[in-house]
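The sequence and structure follow.

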Amino acid sequence: MNNKKEVIPLRTRKGSIYQKGTNEVFKISRSKFSNFLDCSRCFYLERVKGLKDPSMPGWALNTAVDELLKKEFDHYRNIQKPHPFIVKNKLNFIPFQHEKINYWRDALRGGIAFTDTDTNLEIHGGVDDIWFNPDNDELVVVDYKAQSKNETVETEAYLESQYHQNYKVQMDIYVYILRQMKFKVSDTAYFLVCNGLKTPDKFDATLHFDLTLVPYTTNANWVKNKIIDMKKTLESKDVPELNKYCEKCLYLDTGKNFI
């Protein structure tokens, strides 16, 4: 039996394709913002020309870890006490209690958001969690990360990894959005890294994790200028030049030689 569906390579939903010159509010997710930073050409082809990225399956185990952590921290959110893991790290943070917390954590149907009035671009994204520091009334952005590596998680190595640079960009954007929403937000954000252990002698249908809290000093000063650059790219009459550092660009360009 053939269950394959015909592939439609172009976007059809009006709200996902930018209309030049209209200046209507256009939504840009945090992930699409990151895509723009990685490659303006691919961003333009998708947001302006409507070229769809190939679909990918979800990260089921990572999602499971995220959901379980949210349930666990929600317990301490409800009783307004710090999680024992936070206490263990000698921090006085309480999971932030807000009527929209579940909406802010829903990347597909909600998220934290603001509209940049200079560009009419609405920047939005789903946060994993937000903690509150009662000592200075600041919000603290937290992102859950699941992995399984043999080495111990160490702050410097984790933040310097070439595969984690977009993680830092992600945090910068979240801090910027929350500040535009008029919240007082700490410069220091945290990655709650859950490292799946491979050392147990047997599985027993149970995964064991080491948890490490990795602090990251955010820098949101660059975000505004990049939003302006993104607007200019969306309004451009020409497709941005080929990016020789982008695998997707080179793949599409090289593929033309085989047709």
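Predicted model: local features only at pLDDT ≥ 70, side-chain atom pairs only at ≥ 80, totals over all residues.

## Asn120

Asn120 lies in the loop that runs between strand E3 (112–116) and strand E4 (121–125). Its phi is positive, about 60 degrees, although Asn120 is not a glycine.

The relative accessible area of Asn120 is 18%. Buried means under 20%, so Asn120 is buried.

## Asn23

A positive phi of about 60 degrees is also found at Asn23, which is not a glycine. Asn23 belongs to the segment before strand E1 (26–29).

Asn23 has a relative accessibility of 43% and therefore counts as partly exposed, since that class lies between the 20% limit for buried and the 50% limit for exposed.

## Packing of H1 and H8

Two packed helices are described by the angle between their axes and by the distance between those axes. For helix H1 (residues 30–38) and helix H8 (residues 223–235), the angle is about 80 degrees and the axes are 11 Å apart. Angles of 65 to 115 degrees count as roughly perpendicular, and H1 and H8 are therefore roughly perpendicular to each other.

On the H1 side, the contact is made by Phe33, Phe36 and Leu37. H8 contributes Val223, Lys226, Ile227, Asp229, Met230 and Thr233. By residue class, the contact of H1 with H8 comprises 6 nonpolar, 1 polar and 2 charged residues.

Note on methods:
Residues numbered from 1 in each chain as written. Heavy atoms only, no water. Axes fitted to C-alpha atoms, helices over the stretch in contact; angles between N-to-C directions. Helix = DSSP H or I, 4+ residues; strand = E, 2+ residues; numbered from the N terminus. Parallel < 35°, antiparallel > 145°, perpendicular 65-115°, else oblique. Contact = heavy atoms within 4.5 Å. Nonpolar A, V, L, I, M, F, W, Y, C, P; charged D, E, K, R; others polar. Buried < 20%, exposed > 50% of the residue type's maximum accessible area, 1.4 Å probe, protein only.
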